Amino acid sequence: MKPDAANALIHHAYEPPAGFVSPQVGVFKASTVLFKNVAAMRARDWRTKAGYTYGLHGTPTTFILEERVAALEGGRHCMLVPSGLASIALVNQALLKPGDEILLPNNVYGPSRELARTELARFGVTHRLYDPLDARAFAGLLGERTRLVWLEAAGSVTMEFPDLRGIVQAARARGVMTAIDNTWGAGLAFDGFALGIDIVVQALTKFPSGGGDVLMGSVTTRDDALHERLKLTHMHLGLGVAGNDAEALLRSLPSLPLRYRAHDHTARELARWLQDRPEVARVLHPALQSCPGHEHWRDLCTDAAGLFSILLHERYAQAQVDAFVDGLRLFGIGYSWAGPRSLAVPYDLKAMRPDTPLAGHLVRFSIGLEEAASLRADLEQSLDRAFG
Ligand SMILES: Cc1ncc(COP(=O)(O)O)c(C=O)c1O
């Protein structure tokens with residue numbers, strides 16, 4: 001082998017000129033970050049974005065994505081984590097200690113409740129569920145041990161839109177911290193910080209990505225001290241995201257408002273159409289009067305995500321419901337939402353929410369970016385075949 005080949009492939013004198021600008025943000029990937037000298041290494045403060053320390057604590061690519069998400073949410077600071085669920089876990093881990101209690105809405109994202117039931121319980125943190133439509137009853141649950149209140153708007157799968165104003169007001173009156181899972185609103189449908197919420201998390205996996213191919217979460221705050229507390233835990237847990245995933249998010253973000261509107265528009269058209277189908281007992285879409293909490297949605301929002309559920313009449317057999325979902329040609333069967341492809345998932349309502357007054361066979365739809373007429377025709381053919 002040529003004697004200097006290995007060195008030549010690692011060390012070079014050429015420095016690309018500074019000042020390169022293009023519409024897309026560059027992709028920087030690193031574990032190691034190099035310092036000019038030892039003094040620069042010693043002077044570095046990993047808590048600020050004034051420099052770089054180690055790949056886990058950020059690169060130009062992740063710092064820019066954090067700034068954009070913070071701007072989207074109307075916050076001051078943002079931290080990226082590897083998934084939406086990790087953003088929920090980070091907030092819990094940073095703020096809670098043994099003996100504390102958290103309050104979760106009864107329609108909270110299922111894995112968030114499981115996290116409380118299992119991991120948090122092991123660390124001596126208890127949880128109780130509250131009805132997100134009843135702010136008065138919620139206020140009665142706030143106690144000496146209540147450290148954190150989680151919010152979600154709209155709630156997962158059953159789509160009830162919470163009385164956000166009432167709940168946040170009650171929590172603030174008792175000095176209890178609030179955090180919202182803002183994945184449905186995507187930082188567009190309403191302003192969580194303007195409502196007085198302390199922490200806004202989002203599964204960037206959904207609308208901000210929009211591709212169904214990236215997993216990432218964000219934790220956004222306005223308060224400097226709160227951010228620093230979360231950032232410390234973020235560092236202790238070794239949470240970071242990959243440069244290529246951050247790049248994918250940065251490419252998708254500019255089209256977020258357009259995509260959100262398109263998903264919303266088609267979803268509402270289909271939700272309204274489904275209301276008139278004889279097989280459907282109820283449509284659970286926050287923008288429709290038939291959805292519990294519709295008045296709270298109307299108070300805060302004009303937009304809605306491309307997500308809704310239907311309740312098929314109880315008289316049908318589960319096998320017919322499954323045949324309806326299996327018979328859809330354009331809709332995929334799979335979890336998650338906000339990608340280009342429409343999805344459908346049947347849920348066992350009574351097993352998932354034994355407390356709910358809702359009844360029937362629940363199917364949740366994530367409406368993608370296909371033509372509304374084609375999706376309607378697909379729903380129609382499968383309804384006719386499964387229930388006709
Ligand atoms: C409301 C909500 N929050 C959080 C998450 C978690 O996101 P991720 O899949 O990135 O962990 C999901 C995922 O489905 C969700 O629906």
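Predicted model: local features only at pLDDT ≥ 70, side-chain atom pairs only at ≥ 80, totals over all residues.
This report walks through the nonpolar core and the salt bridges of the structure above.

Residues are numbered from 1 along each chain as its sequence is written, and side-chain values use heavy atoms, leaving out hydrogens and water.

**The core**

Let us start inside. A nonpolar core here is a set of buried Ala, Val, Leu, Ile, Met, Phe, Trp, Tyr and Cys residues joined through side-chain atoms within 4.5 Å. Buried stands for under 20% relative accessible area, exposed for over 50%, and partly exposed for what lies in between, with a 1.4 Å probe and protein chains only. The largest such core holds 60 residues, and L65, F138, V149, F161, L164, W184 and F190 have the most contacts inside it. Helix α7, spanning residues 164–173, contributes the most, with 5 residues. Helices are DSSP runs of H or I with at least four residues, strands are runs of E with at least two, and both are numbered from the N terminus.

Leaving aside residues up to four places away in sequence, F190 touches, among others, F161, L164, W184, L300 and C301; a contact has heavy atoms within 4.5 Å.

**Salt bridges**

A salt bridge puts a side-chain nitrogen of Lys or Arg within 4 Å of a carboxyl oxygen of Asp or Glu.

| Pair | N to O distance |
|---|---|
| R47 and E228 | 3.6 Å |
| R165 and D299 | 2.8 Å |
| R277 and D384 | 2.8 Å |

The R47 and E228 side chains meet in a salt bridge. R47 sits in the loop between α2 (38–43) and α3 (60–73) and E228 in helix α8 (residues 224–237), so this pair ties together parts 181 residues apart in sequence. R47 is partly exposed at 42%, and E228 is partly exposed at 37%.

D299 pairs with R165. D299 is partly exposed at 43%, and R165 is partly exposed at 43%.

What does R277 form with D384? The two form a salt bridge. Because R277 lies in the loop between α10 (256–275) and β8 (280–284) and D384 in helix α14 (residues 372–387), the pair ties together parts 107 residues apart in sequence. R277 is buried at 12%, whereas D384 is partly exposed at 40%. Through shared partners, salt bridges join R277, E279, E380 and D384 into one network.
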